[in-house]
Amino acid sequence: MENLVGKEYGYVVLSGAVGGFLVNIYLATRVGKARKAFDVKYPAVYSPTNDKFNCIQRAHQNYLESLPLFLTTGLLGGLSHPMKATAFNLIYLLGRLVYAHGYSTGE
């Protein structure tokens with residue numbers, strides 16, 4: 001049986017699944033710190049009074065909403081073009097970090 005994935009597919013997994021997990025941990029940590037700083041108690045998802053916290057929370061939530069599509073397209077695209085998929089995965093993750101920081105200003 002022929003191997004369906006090339007030797008470079010590991011880069012796709014590393015950049016997509018592992019990179020995606022690390023970005024998620026980073027954004028979740030920012031939400032946790034913001035909860036403490038703005039005194040937003042669980043189980044409240046959003047604050048009724050603090051827009052900056054809501055923006056930090058929403059940036060993380062938006063990332064989680066897009067994660068399944070990102071992983072699916074990256075992992076499937078990597079089957080035929082592993083190095084291009086790896087590059088696009090890294091660009092996407094960097095873009096999500098830039099977006100999260102910009103959106104988290106509360107303005």
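**Close-up views of the predicted model**

**View 1. N50 lies in the loop between α1 and α2.** Helices are DSSP runs of H or I with at least four residues, strands are runs of E with at least two, and both are numbered from the N terminus. The model is predicted, so local features are given only at pLDDT of at least 70 and side-chain atom pairs only at pLDDT 80 or more, while totals for chains, interfaces and linings use all residues. Residue numbers start from 1 along each chain as its sequence is written, and side-chain values use heavy atoms, without hydrogens or water. N50 caps the N-terminal end of α2, with a side-chain oxygen 3.1 Å from the backbone nitrogen of K52. A polar atom of the N50 side chain also lies 2.8 Å from the backbone nitrogen of F53. Both are polar contacts (N or O atoms within 3.5 Å; within protein, one atom must be able to donate a hydrogen and the other to accept it, and residues adjacent in sequence count only if both atoms are side-chain atoms). N50 counts as buried because its relative accessibility is 18%. Buried means under 20% relative accessible area, exposed means over 50%, and partly exposed is the range in between (1.4 Å probe, protein chains only).

**View 2. The loop between α1 and α2 holds D39 and P43.** The peptide bond from Y42 to P43 is cis, with omega near 10 degrees.

**View 3. Two salt bridges are counted in the model.** A salt bridge requires a side-chain nitrogen of Lys or Arg within 4 Å of a carboxyl oxygen of Asp or Glu. K41 pairs with D39, and their closest N and O atoms are 2.9 Å apart. K41 is exposed because its relative accessible area is 58%, and D39 is exposed as well, at 52%. The other pair joins E65 to R58, with N and O 3.0 Å apart. E65 is partly exposed because its relative accessible area is 46%, and R58 is partly exposed at 26%.

**View 4. Helix α1 has a kink of about 30 degrees, centred on G19.** The bend at a residue is the angle between axes fitted to the seven residues ending there and the seven starting there. The end C-alpha atoms of α1 are 43 Å apart, which agrees with the 44 Å that its 30 residues should span at 1.5 Å a residue. The expected span of a helix is 1.5 Å times one less than its number of residues. The buried residues of α1 include Y9, V12, S15, G16, V31 and R35. The buried residues of this helix pack against α2 and α3.

**View 5. S15 lies in helix α1.** S15 counts as buried because its relative accessibility is 5%. A polar atom of its side chain lies 3.2 Å from the backbone oxygen of V12. An α-helix has 3.6 residues a turn, so residues three or four places apart point the same way. Leaving aside neighbours within four places in sequence, S15 is in contact (heavy atoms within 4.5 Å) with G20, T86, N89, L90 and L93.

**View 6. A kink of about 40 degrees lies at S66 in α2, shortly before the proline P68.** Helix α2 has 30 residues and reaches 43 Å from its first C-alpha to its last, close to the 44 Å expected at 1.5 Å a residue.

**View 7. The largest nonpolar core consists of V23, L27, A59, Y63, L67, F70, L93 and A100, eight residues in all.** The elements giving two or more residues to this core are α1 (9-38), α2 (51-80) and α3 (82-103). The largest share, four residues, comes from α2. A nonpolar core is a set of buried Ala, Val, Leu, Ile, Met, Phe, Trp, Tyr and Cys residues joined through side-chain atoms within 4.5 Å. Beyond its neighbours within four places in sequence, Y63 is in contact with G20, V23, N24, L27, L93 and R96. A second, separate core has five residues, among them V31, A34, V40 and I56.
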